Amino acid sequence: LAPIGIAFAAVILGGYAMLPAIFLAAAASALLNGSPLFYALIGAIANTVQPALGAYILEKTGFDRALSRVKDMFLMLVIALFVTMIVPTTNALSMFFYEAHYRTASIVHWSNWWVGGALSALVLTPFLIRWIHFRMTPRRPGKFTESVVTVGIVAVLSALVFGTTYTSIGGLSLLFPLMLALAWIAIRVGPRFMTLALFLMTVFSMWGAVYG
């Protein structure tokens, strides 16, 4: 559900002027995928209200797009876990009331939609904010090398853990060095490369899930 994270980032960076484009994109996507007009409009409204509410909450709570404070990361977590319930709840209620044979499945769909939306907002939105809004600040050659190497380690370990059968060395799970690499980035490298590392790890994990 990448569009959810993209929509949050668009409103946070571009303001509420981005909402009409989000509404039109959501409605067009639903119609092109064969959804009835009613579902397309309801879904488009939910997909528009969701990032608008998230951006409003962040604006009123003093959110800093630099994501350099614990408070900012906590606010992003709140948005990811709670505000992203709007779209799946709207979709599930539509299924429940207007498609009786899908009533049982609506609960399962809700959980899948919510997890996907929360993950998108938690990983993709910070990544886009940091890499679009902020210019790369000059770094000492050693610091830049450290950043690239540690992110590269996360990418390689993620590919091994989530995309291959080589998930351990000598009985030691590769998840442990992966977590250490992430901790190193968080402490030493900073939020910009942390968002990149989390994005890459998520991409590899989703790729591994899709291809078994």
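## Salt bridges in the model

A salt bridge here is a side-chain nitrogen of Lys or Arg within 4 Å of a carboxyl oxygen of Asp or Glu. By this rule the count comes to 3 salt bridges. Side chains of opposite charge can pair when their charged atoms come close.

The model is predicted, so local features need pLDDT of at least 70 and side-chain atom pairs count only at pLDDT 80 or more, while totals for chains, interfaces and linings use all residues. Residues are numbered from 1 along each chain as its sequence is written, and side-chain values use heavy atoms, with hydrogens and water left out.

## Asp72 and Arg69

Asp72 pairs with Arg69 in a salt bridge, with 2.8 Å between the closest N and O atoms. Asp72 is buried at 0% relative accessibility. Arg69 is partly exposed at 35%. Buried means under 20% relative accessible area, exposed over 50%, and partly exposed in between (1.4 Å probe, protein chains only).

Glu146 has a salt bridge to Lys143, at 4.0 Å from N to O. Both residues lie in helix α7 (residues 141-163), 3 residues apart, about one turn of the helix. Helices are DSSP runs (H or I, at least four residues), numbered from the N terminus. Glu146 counts as buried, with 14% relative accessibility.

Glu146 also meets Arg188 in a salt bridge, at 2.9 Å from N to O. Arg188 lies in helix α8 (residues 175-189) and Glu146 in helix α7, so this pair ties together parts 42 residues apart in sequence. Arg188 is partly exposed, with a relative accessible area of 41%. Through shared partners, salt bridges join Lys143, Glu146 and Arg188 into one network.

Key:
Helices (H or I, at least four residues) and strands (E, at least two) are DSSP runs, numbered from the N terminus.
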